[in-house]
Amino acid sequence: MMATSSPKIRLTGIRKSFNGKEVLRGVELDVRAGESLVVMGGSGAGKTVLLKHLIGLLMPDEGRVEVNGVDLGRASPSEALALRKTFGMSFQEGALFDSMTVFDNIAFPLRRHTRRGPDEVAARVRECLELVRLDGVERRYPAELSGGMKRRVGFARAIALEPEVLLFDEPTTGLDPINTGAIARVVNRLRRRLDVTAVTITHDVQLAFAIADRIAMMRSGHIVALEPADRFAQSPDPYVQAFLHGEEPEGEGEVP
């Protein structure tokens, strides 16, 4: 899928600290409409904090997050809510409600945010499960699912409200290579079928190259490299090369 050049999301000078520790240090990043952007980096690089800024779960101490040209920090509560509804987010390990069936997990946002009747909700749940290749599991509980299946149920819930942007937070953590490959195929299927913008946070190199149009590398709260996926492996940045080869350079926690 070819992405357009206009930014769907723009981050300008984003800084964020927690208890005096600066986690994001002036991040600049555009996410193009229709693209699949993957953000990689080691533990503590700031990837998940960055992702939460995209959807407004966190607000920056400094800088701007713009979605469709609207500054989230200056938006009215109703504008901000409307923008957040254009996002679907899949959290680490699915983050499903253990006491609910698969059906009720996916139906939850539909019941909460729409006026669809029971038959319409049921039809949409089945449609979402078909998109993630999980037909026939509606009555199961999360405890009855494998790790890979839980992730895909999380994807199904994320697309229930037909979002414009999908956010994936470490979708393959703890999965074996076979399940990682299955997750990559599902992410690409969702992009093709739904025509969405996708942002994925991961440390999984295999996944990144399987789904990305562009790859960004984070280190110590900065974007240190941003390249098309087919050129990323040739990046001259020494941290990128070390990461791709499974090495951890010294000074990860220091400002470059």
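**Exercise 1.** How many of the nine residues of helix α1 (residues 47–55) are buried? Name them, and say what α1 lies across.

*Solution.* The model is predicted: local features need pLDDT of at least 70, side-chain atom pairs count only at pLDDT 80 or more, and totals for chains, interfaces and linings use all residues. Residues are numbered from 1 along each chain as its sequence is written, and side-chain values use heavy atoms, with hydrogens and water left out.

Step 1. Helices (H or I, at least four residues) and strands (E, at least two) are DSSP runs, numbered from the N terminus. Buried means under 20% relative accessible area, with a 1.4 Å probe and protein chains only.

Step 2. Seven of the nine residues of α1 are buried, and the helix is mostly covered. They are K47, V49, L50, L51, H53, L54 and I55.

Step 3. α1 lies across β1, β2 and β4, running at about 125 degrees to β1. Axes are lines fitted to C-alpha atoms, for helices over the stretch in contact, and angles run from 0 to 180 degrees between N-to-C directions.

Step 4. Just after α1, G56 takes a positive phi of about 85 degrees.

**Exercise 2.** Describe the sheet that contains β1 and β4.

*Solution.* Step 1. Two strands pair if DSSP finds at least two bridges between them.

Step 2. The strand order in this open sheet of four is β2-β1-β4-β5, and the pairing is antiparallel. β2 (21–32) and β5 are the edge strands, each pairing on one side only.

Step 3. β1 (residues 7–18) and β4 (residues 62–67) run antiparallel and are joined by five bridges. L11 has V65 as its bridge partner in β4.

**Exercise 3.** Is L72 buried or exposed? Find its place in the chain and its contacts.

*Solution.* Step 1. L72 sits in the loop between β5 (70–71) and α2 (77–84).

Step 2. The relative accessible area of L72 is 7%, so L72 is buried.

Step 3. Contact means heavy atoms within 4.5 Å. Not counting residues up to four places away in sequence, L72 touches H53, L54, I55, G56, M59, V65, V67 and L83. Among these, H53, L54 and I55 are buried residues of α1.

**Exercise 4.** Which strands stand at the edges of the six-stranded sheet?

*Solution.* Step 1. This open sheet has the order β6-β7-β8-β3-β9-β10, with mixed pairing.

Step 2. β6 (87–90) and β10 (222–228) each have a single partner strand, so one side of each is left without a neighbour in the sheet.

Step 3. On average, neighbouring strands of this sheet are turned by 15 degrees against each other, direction ignored.

Step 4. β3 (residues 36–40) pairs with β9 (residues 214–219) in the parallel sense over four bridges. The bridge partner of V39 in β9 is A216.

**Exercise 5.** Classify the packing of α5 with α6, and of α3 with α4.

*Solution.* Step 1. Angles under 35 degrees count as roughly parallel, over 145 as roughly antiparallel, 65 to 115 as roughly perpendicular and the rest as oblique.

Step 2. The axes of α5 (residues 147–158) and α6 (residues 177–194) come within 10 Å and cross at roughly 15 degrees. α5 is therefore roughly parallel to α6. The contact is made by G148, R151, R152 and F155 of α5 with N179, I183, V186, V187 and L190 of α6.

Step 3. α3 (residues 102–113) and α4 (residues 118–131) pack at about 120 degrees, with axes 9 Å apart. These two helices are therefore oblique to each other.

Methods: Buried means under 20% relative accessible area, exposed over 50%, partly exposed in between (1.4 Å probe, protein chains only).
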